[in-house]
Amino acid sequence: MAASASSSVQRARQNLADRLGEIQRDAGLRGRELAAACGWYPSKVSRLLNAHTPPSEDDIREWCRACGAEELAADLVASLRAVEGMFIEWRRMERAGLKVAQEARLPLYERTNRFRSYSSWLVPGLIQTPGYTTAALQAIQQRRGLVDDVQAAVAARMERQRVLHEGHRRFAFLVEESVLRCGIGGGGVMRDQLHHLTTVGSLPNVSLGVVPMRPDRVRWPAEGFWIFDNAQVNVELVSGYLTITQPSEIKLYAETFGELAELALHGAAARELITSAAALLG
């Protein structure tokens with residue numbers, strides 16, 4: 001992956017710190033002078049500039065005031081809130097149940113025209129069968145001890161799949177070959193899911209690629225991620241859910257998607273890999 005999820009958060013914090021540094025330099029203030037103007041110890045300025053300590057909203061406003069750049073404070077505060085919202089723990093996101101977590105995603109899907117999805121763990125949710133989704137969400141519900149609303153959550157995810165057939169949306173899905181061979185829900189569920197992949201892959205607005213297993217790969221597998229237009233990236237982790245909106249970070253994920261797409265097999269070659277995986281299920 002071009003950048004790990006944790007480094008994405010840290011880089012976003014550093015970008016904000018760098019912007020504060022630019023404002024300081026434009027004002028012609030030394031660190032001690034800025035600290036004195038803000039009523040801080042000089043070490044606080046250093047910690048903020050090096051992203052060792054994240055600023056508060058009040059810190060940003062005071063910094064801009066001391067530098068004579070009050071008009072920039074609102075945008076910087078918005079950037080701070082975006083950084084703070086990048087990482088959301090699964091348990092906090094799902095505390096109201098899996099169904100609510102599924103429904104919360106729908107507005108983002110409805111306003112997106114171009115979807116790019118890479119998965120190294122599971123078949124992407126938009127192209128899952130009901131049986132596969134049930135198996136996946138049951139595992140999540142049991143592992144995390146959540147309220148059992150799996151069937152309602154499955155229905156919500158299936159309802160979300162209507163975006164595949166509405167409007168002029170375009171979809172590009174990449175999955176690792178291991179996803180085709182990783183049993184979830186049993187042989188029958190996997191057979192149905194693999195058959196569904198070939199059906200979805202034939203849609204005119206869908207591109208389906210399979211990244212084959214091979215010993216000489218130049219791009220190793222990464223955590224799964226979604227790119228929504230060029231506006232947002234979502235990364236699913238074991239412990240949390242990462243949302244990225246900074247253009248430089250989105251560009252890194254887009255470049256990684258492109259590199260993985262070059263490794264992937266498409267069309268008849270992809271269908272052959274899917275059929276081969278299904279044959280192993282008997």
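This is a predicted model: local features need pLDDT of at least 70, side-chain atom pairs count only at pLDDT 80 or more; totals for chains, interfaces and linings use all residues.

User: What is the geometry of the pair formed by F115 and F228?

Analyst: The ring centres of F115 and F228 lie 5.8 Å apart, and their planes meet at 75 degrees. Planes over 60 degrees apart count as edge-to-face. The pair F115 and F228 is therefore edge-to-face.

User: Are F115 and F228 buried or exposed?

Analyst: A residue counts as buried when its relative accessible area is under 20%. F115 has a relative accessibility of 1%, and F228 also has a relative accessible area of 1%. So F115 is buried, and F228 is buried.

User: Is the aromatic pair of F171 and F173 stacked or edge-to-face?

Analyst: Their rings are 6.1 Å apart, centre to centre, with 5 degrees between the planes. Both F171 and F173 are buried. Since planes under 30 degrees apart count as stacked, the pair F171 and F173 is stacked.

User: Which residue lies over the face of Y109?

Analyst: Y109 is one of the residues in the ring cluster. At 4.7 Å from its ring centre, over the face of Y109, lies R160.

User: Which residue of β6 stands opposite F228?

Analyst: Strands β5 and β6 run antiparallel and are joined by 4 bridges. Strand β6 (residues 232-236) is mostly covered, with 4 of its 5 residues buried. In β6, the residue opposite F228 is Q232.

User: Which residue takes a positive phi in the hairpin of β5 and β6?

Analyst: This hairpin has 3 residues between the strands. The positive phi, near 50 degrees, belongs to D229.

User: Are helices α4 and α5 roughly parallel or roughly antiparallel?

Analyst: The axes of α4 (residues 57-66) and α5 (residues 73-84) come within 9 Å and cross at roughly 155 degrees. Angles over 145 degrees count as roughly antiparallel, so α4 and α5 are roughly antiparallel.

Definitions and conventions
Residues are numbered from 1 along each chain as its sequence is written. Side-chain values use heavy atoms; hydrogens and water are left out. Rings of Phe, Tyr and Trp (its six-membered ring) pair if their centres lie within 6.5 Å; planes under 30 degrees apart count as stacked, over 60 as edge-to-face and the rest as tilted. Buried means under 20% relative accessible area, exposed over 50%, partly exposed in between (1.4 Å probe, protein chains only). A charge sits over a ring if NZ of Lys or CZ of Arg is within 6 Å of the ring centre and within 35 degrees of the ring normal. Helices (H or I, at least four residues) and strands (E, at least two) are DSSP runs, numbered from the N terminus. Two strands pair if DSSP finds at least two bridges between them. Axes are lines fitted to C-alpha atoms, for helices over the stretch in contact, and angles run from 0 to 180 degrees between N-to-C directions. Angles under 35 degrees count as roughly parallel, over 145 as roughly antiparallel, 65 to 115 as roughly perpendicular and the rest as oblique.
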